[in-house]
Amino acid sequence: MAIYSEPEVEALGIFLSEFNRESDRGAALTAAAVLDDRLAEILAAFFTDTTSAKELISGFNAPLGSLASRAAAAHALGLIQDNEFKEITLIRKIRNEFGHSWKGVSFSAGRVAALCNQLPWLGPKEHEVTATPRSRLNAAMAILLSDLLWRARLVSKQRRSMSVWPNKSRNG
């Protein structure tokens, strides 16, 4: 008997399996990359199905081609909640700490640990006291990604369509 699973559940399982084996640097980069992909998918599901919409999100010099711009746009459009925007921003900053230095960066101390400690603890309450910065990131990513994996499917129900506007100068 085959067990049916939603594609989002399968994607989460695959991600977490890979993510939990990553080095500190790899975890930070992977977390940001998967969030970047999800936000692009969410925005694409909301925008009109046009070439101009696609070009906003991807391609050379796309205005919404970075994690920061995608998160800001998704938040401004109401496609992600305040807490999700804050968590994505913290994870982006953690990624930047690893991405802009080639040595001496880890989850155990410094700015990365401080940023991780701002993430909400989403694991079992009894483990919060002993949670490491890396385990805070892992727990936050598991919950955040499980929410965002479904979002594109939900947002697509509100996809924008091209409007026809009255235009007096064109006899409309």
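User: Is F107 buried or exposed?
Analyst: F107 is buried, with a relative accessible area of 3%. Keep in mind that this is a predicted model.

User: Where does F107 lie?
Analyst: F107 lies in the loop between α5 and α6, and α6 covers residues 110–116.

User: OK, and which residues is F107 in contact with, leaving aside its neighbours within four places in sequence?
Analyst: There's quite a list: D24, A27, A28, I94, F98, V112, A113, C116, P133, R134 and L137.

User: Let's pick A28 from that list. How many residues apart in sequence are F107 and A28?
Analyst: They are 79 residues apart in sequence, and in space their C-alpha atoms are 9.3 Å apart.

User: Let me zoom out. How many helices and strands are in the chain?
Analyst: The chain has 7 helices and 0 strands. Reading along the sequence, you get the pattern α-α-α-α-α-α-α.

User: What does the C-alpha trace span along its principal axes?
Analyst: About 70 × 50 × 25 Å.

User: And what percentage of the residues is buried?
Analyst: Buried residues make up 38% of the 172 residues in the chain.

User: What about contacts, what share comes from residues 24 or more positions apart?
Analyst: Those pairs account for 62% of the contacts with a separation of 6 or more.

User: Why would residues three or four places apart in a helix point the same way?
Analyst: An α-helix has 3.6 residues a turn, so residues with that spacing point the same way.

User: Which residue other than glycine has a positive phi near 60°?
Analyst: That's N61, with phi near 60°. N61 is found in the loop between α3 and α4.

User: Is N61 buried or exposed?
Analyst: N61 is exposed, with a relative accessible area of 66%.

User: Changing topic: how many salt bridges does the structure hold?
Analyst: The structure holds 10 salt bridges. One of them pairs E84 with R151, with N and O 2.6 Å apart.

User: Why does the E84 and R151 pair tie parts of the chain together?
Analyst: E84 lies in helix α5 and R151 in helix α7, so the pair ties together parts that are 67 residues apart in sequence.

User: Are those two buried or exposed?
Analyst: E84 is buried, with a relative accessible area of 1%. R151 is buried too, at 13%.

User: What about R153, which residue does R153 form a salt bridge with?
Analyst: R153 pairs with E6, and their closest N and O atoms are 3.0 Å apart. R153 lies in helix α7 and E6 in the segment before α1 (7–19), so this pair ties together parts that are 147 residues apart in sequence.

User: How exposed are R153 and E6?
Analyst: R153 is partly exposed, with a relative accessible area of 38%. E6 is partly exposed as well, at 26%.

User: What about E128 and K125?
Analyst: The side chains of E128 and K125 meet in a salt bridge, with 3.0 Å from N to O. K125 counts as exposed at 64% relative accessibility, while E128 is partly exposed at 26%.

User: Which residues do salt bridges that share partners join into one network?
Analyst: E6, E8 and R153.

User: Which residues make a nonpolar surface patch?
Analyst: V9, W150 and L154 make one of about 260 Å². W150 lies in helix α7, residues 133–155, and W150 is partly exposed, with a relative accessible area of 31%.

User: And how far apart are the mean positions of the positive and negative charges?
Analyst: They are 7 Å apart, counting 21 positive and 18 negative charges.

Conventions: Residues numbered from 1 in each chain as written. Predicted model: local features only at pLDDT ≥ 70, side-chain atom pairs only at ≥ 80, totals over all residues. Heavy atoms only, no water. Helix = DSSP H or I, 4+ residues; strand = E, 2+ residues; numbered from the N terminus. Buried < 20%, exposed > 50% of the residue type's maximum accessible area, 1.4 Å probe, protein only. Contact = heavy atoms within 4.5 Å. Lys, Arg positive; Asp, Glu negative; His and termini not counted. Charge placed at Lys NZ, Arg CZ, Asp CG, Glu CD. Patch = residues over 30% accessible without salt bridge, like charges linked within 9 Å, V, L, I, M, F, W, Y side chains within 5 Å. Areas by Shrake-Rupley, 256 points an atom, 1.4 Å probe, with all protein chains shown as cover. Salt bridge = Lys/Arg side-chain N within 4 Å of Asp/Glu carboxyl O.
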